[in-house]
Every structure is written in C-alpha cells, then in structure tokens.
Amino acid sequence: MNKLLIILVSLAYLALLFGVAWWVERRRRQKKSVVRNGWVYALSLAVYCTGWTYYGSVGRAVNSGMDFITIYLGPSIMCALFIPVLQKIIRICKTQRINSIADFIASRYGKNFTLGIIVTLCCIIGIIPYIALQLKAISTSFHIITGLPQGIIPGPGDDKFYITCVIIFFIIVFGTRSVDATERHEGLVAAVAFESLVKLFAFLVVGIFVTFFVFDGYGALFDAVANKGLTQFFTLSGDNAYSSWLSMLFVSMMAIVILPHQFQVSVVENTNEKHIRKAVWLFPLYLLAINIFVLPIAMGGSVILGNNTDADNYVLSLPLHFNQHLMSVMVYIGGFSAATSMIIVATIALSTMVSNHLFLPLVLSSRRFKTSSEGSLTRKIILSRRVIIAVILFAAYAYNSFMAPYFSLVSIGLASMAAVAQFGPAVFGGLYWRNASRKGAVTGIIVGFGIWFYTLIVPAGVDAGFIDKSLMDSGPWHLSWLRPQALFGLDGWDLFTHSVFWSMFFNCICYLVISSYSRLSASEMYQARVFVDIFDKDANQFTEGQGVWRGNTQYADIRALLDNFIGKERSGLLLTAYARRNDIGLDTVIADPRIVHFAERMLSGVIGSASAKFMIANIVKEEEITIQEVLAIVKESQQVLELNKELKKKSIELTRATDMLTRANEQLKRMDVLKDEFLYTVTHELRTPLTSIRALSEIVYDNPDMEEEQRQHYLEAVVKEIERLSHLISQVLNLERYESGRQKLNYATVVFGRLIAEATEALLPLAEERGVAIVHQLPHAEVSVLCDIDLVRQVIYNLIANAIKFAPESTGRIVIALEQTGSGIRLAVADNGPGVPYEMREQIFDKFFQAKNQTLKKPVGTGLGLTICKRIMEMHGGSIGVEDTAGTGACFVIALPQIKT
Amino acid sequence: MKKVLVVDDDPYILMSVEFLMKKNGYEVMVARNGTEAMAFLESNKPDLVLLDIMMPDVDGYSICRHIKATPALEDIIVVFISAKTAEADIREGYDLGAALYVSKPFSTRDLMKKINGLLQA
C-alpha cells in the first residue's frame, strides 16, 4: 500500500489520540472528568497487551500451541488478589505520594537512595529492550503493510527514527505537563484506554474475518487444520512444558503489578480504590476477548500462508492476502495502538524514575542548586524529565537498530518480565513482613537480577557472538557447574525457566535470610510500620508524623523549600488548607512537626521519597532524628500500649474480683439464711421441753393438793425434760465449736477395740431394754489409733445408739465390724432397721435434716448427732458415710487414717 | 359437760393439758398424733379442739382445715398450741379459722382463762 497514506493514517491516529487526551484534560479542568470510572481504569490496565503480544501471540501459538495463553493467565489469576494486594499498594502510594515502582521499594525500605537507584537501573536495563520491541513491532507492521523492504541503516533515513521522534513529542506534551508526578495524567489514561478499545476491535475484526469469512466457521477451520496434519495448536510444547508453563505463569503474575508501565496505570494513575472492583472481572474478560481469535488466526494463517510468511505477521498478512485494504489498515492501527500505549506509559514511568532517583540526587547535592532562584527548579525538573524521555526512547531506538540483528527480539518481552519479577519479593514481602530489611531487599534484587542477566542475557550474547562460546560449553574457568544455561548442574530446562528458577530462588533466599539477620534502622522500622499497617488507623496516625521531628525547623525554611519545588501560589494554598484541616497554627516561627511531614510528602510527589527526605533533612540537618530518638518514640508508644494492656488486665482482674465478691456475698447470704434456719430450728427445739417443764411445774405449784404419786410423776418428767434441754444446748455449743475451728483435737494413742467396747457397754442397757442384740466382729481389735479419744468414742456411741433406736424391737440385730485398711481403720455399724433411702445418704448429715425436711413432723433426737459425727471425722481427716448392706438396714461406716506415733 | 379434744405428740404436754382440762370441769379426750385425732373426729364432735401443729403424720393445719371443711364439724372451736412462733405461722392458724393461737411455752393460768372464755361464750 502507499507509504505516504500509511504515514498519514498513523499521524492522523496520533492526532486523534491527542484530541482524546486534550478533550479529557479539558473536561477535567471543568471538573467534569470522564475517565474517573472503573471502565476506563480496567481498559487502561490492558496496556499489558502490547504490540509484542498483538502480533506475537499468533506467532507463539503457531510455534508452541497453547503456550501463548500463559502470560494472560497469570494476570487473570493475579486479579483475584487485586482487592487485598493492589488496594494496599494503592493506599500506601496515595498516603505516601509514591510515584513509581522504584519509589515504592525505596520508600518501603527506609526511603533509601541506593535502593531507588538500583531499582531504576534494573528497570532501564529490563524495559528499554521491551520498548525497542514495540518500536520494532510498529516498524515491521509498517513495512508489511507498505510492502517496502526493512531499512536497517540507522539514522535520519530510517522510518523508525521518525516514529520515535513523533512519539517523543506526544509523550512530552502529555506526560510531563505537571511537575507533580503523582498528579494523575487523565488525558493520558484516556488515550491508553481508547487505544485498548482500538486494538481489541481491530483484533476481533480480523478474527471474525478469518473464522467466518475466509473459513466457514470454526468447524471448517478445524477441518482444514486437520487435513494439513497440524497438531501443535492444542498442546504445550517441549519436554519441560509444565515447568516452563509454571515459570511463565509466575513471572506474568508478578509482572502485572510490577512492570513499570503496569504500576503506572494500576497504582499511580488510579483515582479511586473502588475501581479495582470493576477491573477484577473486566480486565480478565478483556484478556479473554483479545485472545479468543488467536488460535483461529494462527490456524488460518498456517493453512493459507504456511511457512512463507513469519507467523508473527499473520494478523496483518491475512487481510493483506485477501486484499482487504481497509481491514489491513485497521489491523495496522490496532498494532500501532498496542505498541504506542505501552511505549507511552513505560516511558513516562521510566522518566519519573530516572529523574527522581538518578538525576535529582545529583542536582540536589550539587552546590549550584542552593543558589537557584525560586520556581526555576520546577522548570528544571520538567525539562529534565523531557530530556530523559527523549533519551530513553532514543536508547530504545538505538537498541533496536544496533542489537536487533544480533538478538532474537521474540524472547525480550518475557525477559523483561523476568527482570522486573526480581522486585517481587521486596514488593510483596514488604507489604506484609515488618522485619524485611533494606539489606535483604538490596541483596535479593542485586543477586536475582545478576543471575537473571547471567542466565538469560549472557547466553543470548553468546548466540550473538559477543561472548566466547566456550562459556556455554565448559563454563567460566572451566567450572561446568557455573555454565549459564545449567547452573549448579540443573540441566534440561529451557533458558527462561532455568533463569527464573535460579534468580527467584536466590533472590528470595537472600531477602529472607539477610532480612532475618539484619538490624533495622530507625527509618526502616518507621516505614515498615507505615506500609504493613497502612489499614490500621493507629498506624496511620503515626504517619502524620507527630513527634517524629523535633520541632526546631523554621516554618520559613519549609515554606521556601516548597515554593521552590511546587510554586509559591500552590504551596501556600496546600499549606493553609492542610493547617486548617488539622488545626495547626502557621504563625509560629518553629514549624509544627506535622507541617514538616506534610511538606515532605508534598515533595515526595514531585521528586520521590528518598530525595524529599534528603531535602527536608537538609533544612533540619542538625535536627536529624537519631535511632535513639525513634526508639524512644517507639518505646513511648509501646509504653502507652503496655499501659493500655495493663489497664485492660486490671479491669479484667477487677471484674473477676467483683464476681468473686458477688459470689462470696451470695454465699454469705446463703449462710445467713442457713444460720437463721438453724437458729429457728434450735429455738423451736428448745421450746418443746420448755413447754412441758413450765406446764408441769405450774400444775404442781398450783395444785398443792394433788396426789403424791402424780406429783412425783410430774416432777420426774420435769427433770427428764431439763436433761433433754441441756443435752440439746451442749450439742449446739459443741457443733458451734467444731465448726468455728475452736475445738482442738486432744490426740492420744488408743487401742481401738477398747473404744468400741466402752461405747457398747454404755448402751447395753438401752439395747437390752429394746431387745436388740449387738454382735462384734473385731479381728483387728488390737490396732491402735492416734485420735481424740473422747470425740471418737462419742461418734461410735452415737452410731450404736442410732442403730439401737432404728433396729426393730426384740428382733433387732446390730453388727459392729472393724477392719484394717491400707491407710487406716474402718468401722462399720450395721442394723436391720428400715435403712436410709439412697437419695438421702448425703443429706442425713445436714443439721436438723429431719426437722428441716419434714417441717411439720417431730424430729427424733436432736437432729444434730450425725452432723456432729461428721465434723469430728472431718477434723481427724477421716470420713463418715452410709453404705449398702446385704439386708435391709442401714450401715454407717467411719474411716480414720492411722497415724502411728 | 363440754367436750375437749387435745392433740399433741409430746406425752408430757398431753399429760399436763389433760390434767388442766379435767380440773376445769371438761370432758377430755386425747390423741397422740394426727391420725388418732382424725379417727376420733369421724364419730365424735367435741366442742373444742386443742391442736399441736408439728406432728409426724398429719399436721395440725390439715386437721383444722378438715374440721372447717366438714359441715358437721365446722362449728368446733379450734385452738392451736404450737412451738411455731413465726408471725406467718400464727396468721395461717387464724386464717384457717382458729379461735386462738397459743405459743409454746404457755402459761397454764392464761391458757385456761382463755379456754374457759371461749367455751362459756
């Protein structure tokens, strides 16, 4: 086709982009932004589909089947992690005003200059070939569509040179209008999103054309392929297909976040975190759409064009083959879109990095800087960025021109991704691991990048003939285990997989191990907190900088610095607004620490965090915080935390104490009730004999003439009732003494058989009176026991007396058995009376059990005997209980520990 | 001659009250527990019943309730003599229709004065 026409179309397309960007910028100034939505955001992420993939996917599909899909699968998987991970990164970058991946890493590890420089250099080395690849894509497609031979003589005669120049112009106009690199380039984002639509549309048109117009749908296409015996489309190729597949998947997952141009669109240009939610499904959908016709085109191309045409060019060659001129132009523009969008975004991202991490540190440390006039810095920075953009693009152009003949460009895209994947551990580790250190990050990146270079780029250099082939054959210094394609003897993997494996392996190891063993500096600790705890409100407060700077910085200095970088008017506005928001007075000589911190963040947006820190530190040089001070601050906040914890603990203890008191109180109340009941029962028990005594005495007194025998009878009853009364009183007093613990045991050794004999003897008359037989079974009668003889005798007496009372009259039989057990002695008193119901075996030892549980019935005895027995046994460390007997009666058993003297 | 039934499970109290009643010219019947008392009331109607409350089988309240619920017996004068001295117990006694509630221990003269008053009215 006509060369001039194509050039005009290309320029017209660029003009259209220009128009889109211009219109969007104008809308933004009118506060009617059209790009602040999830659709544009998701489409701008599609800058990922570059010219390389636009043409190259088909090439890959022809050569290695389904392989091509992997680098789209990775990002799609990563999308699932967008909400936690990407949102965190975006939040950090917004609060910290971070404007590039290099800035992000440098800022995370203590706003470190060195790290910023390293990352920037790695990016340049990794990405410039990638940009060159896009230029090549444009130029190749240009030659295919015009049918002109490719010019390989570099210089003004080469069309690529002009393409480069036009793009430089475009980028400079739209990418560097504002000095604040964190300010969104809405026009640019709109242009990129627009280009995403264009390339998708163009690709779909070719796909539909090939599938449904050239062939008669999928079925016909598959038949044609089958007839030709082409089978490679549906398989993963190679011996190590799966390890290769995995490594590509991994690298592309890293790349979608870390690639400088991806970081630019997904993080720096993000206007609202909510847009991520749309991108999470829309972006994978886009990837699916743009890939859906890759296989049909690859198959159609193989069938129709075969090996005569480079498979990378099928997309464009197919419509040309069928003389579809309009469609060919459209495809060309689609590829042009894919390539330019990547070039534009990547160049802007790189220029920001280079300007902030390489150029500015040099300027800032130069003496001339200090005498520069106000506002000139802003111009200088913008100018520097423009120059850098031009330099980067010319470097890409030069790379393309000089290296292209030697290096296969196809693998460059993957190589670039593998290069930036080296930042993965530092980026993702830094998001969640507080102890990650600068040394770990630096070492990991350098080692990983070094291995990447050695195992992926050096072999390419050998192929190109720059490096002696013996390196590949026998390794450096004839150490075969150092051969770049088989490091440590790991043979049999393709170069890419091998390189990714070893570089990531050593990268991670260095990062983890060195981080674990290094001491964090004050600023590292501080930044770690800011990054890891970004969603934590307390930590956010911490980032406001209270107390971090000692308040000795002059406000005027801060003001002058900001004026210098962002202009007098804007800095004034920003500072007053911030001061009003945070209720800070600006009329003081000494600047509020928060103002200092705010100024640093504003500066970060312009010149990057490391440089901003450097600048602020310059003003407050003598005030630079020492690690001791930061530690003191950290300690202080820890003390507050600990105090808090302490308070919490105390209040828990208090609650516990309150609970205990409540319980104790309830217990006291219960005991009070018991005491009342006890008193009530005791008084009642006292009333009955008192009644008899009073009535009988009064009768005797009032009736002097009553019969002598009757009077005797009455007086005898009075005496008996008095005895009963005094017995009751002494039992109550005894019990009270045992329960209060005032009763001391009067220990003495006694032969236990004697105690039983004494108690039995005292009760024999009663037993005989009731006709109850008492049987002794005492094989161990001679055992001696240490106890309070009187009390234990009382217990035995009580048990036997009870047994006699409950045994049936005249047929009653009581068996008293003494046993020696391992730990002491055991005495059982069994009768053949009615027995004790099972459920009452515990209760009968309660005070006045009978009286209390049958309130309307007259108790037999005082109701205290068993209670007293139980107390006495407990005081001896023994026990009393009711056990089963063979017959019907009750069997009371006491056990005493045998204490030998 | 007025008939009096004395119900108490304590033999000495029974003995003394029986003596007092006889001396004051009443015909006295004694019951040593609730069951005996109920059996007696099956076929006899005394003018007055002296009732202890806490007894092992049937308690005094139940006997009083039975008397007041039985039309043939309802006009019997019921007097409680009890060691239960709580206000609630006394109130329950009067609520059940007792004419008098005497707390143990009691003054014999006082008791008799009141019994005589009740029986002569």
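Four aromatic residues, F501(A), W502(A), F505(A) and F506(A), form one cluster. The model is predicted. A search of the whole structure finds 26 aromatic pairs over all chains. One of these pairs joins F18(A) and F169(A), and it is stacked.

**The stacked pair**
- The ring centres of F18(A) and F169(A) are 6.5 Å apart.
- The angle between their planes is 10 degrees, and planes under 30 degrees apart count as stacked.
- F18(A) counts as partly exposed because its relative accessibility is 27%.
- F169(A) has a relative accessible area of 53%, so this residue is exposed.

**Inside the cluster**
- F501(A) and W502(A) have ring centres 5.1 Å apart.
- Their planes meet at 70 degrees, so the pair is edge-to-face; the cut-off for that label is over 60 degrees.
- F501(A) is partly exposed, because its relative accessible area is 35%.
- W502(A) has a relative accessible area of 11%, so this residue is buried; buried means under 20%.

**A charge over a ring**
- Which ring does the charged end of R108(A) sit over?
- The ring belongs to Y109(A).
- The charged end of R108(A) lies 4.8 Å from the centre of that ring.

Conventions. Residues are numbered from 1 along each chain as its sequence is written. Chains are lettered from A and ligands numbered from 1 in the order in which they are written. This is a predicted model: local features need pLDDT of at least 70, side-chain atom pairs count only at pLDDT 80 or more; totals for chains, interfaces and linings use all residues. Side-chain values use heavy atoms; hydrogens and water are left out. Rings of Phe, Tyr and Trp (its six-membered ring) pair if their centres lie within 6.5 Å; planes under 30 degrees apart count as stacked, over 60 as edge-to-face and the rest as tilted. Buried means under 20% relative accessible area, exposed over 50%, partly exposed in between (1.4 Å probe, protein chains only). A charge sits over a ring if NZ of Lys or CZ of Arg is within 6 Å of the ring centre and within 35 degrees of the ring normal.
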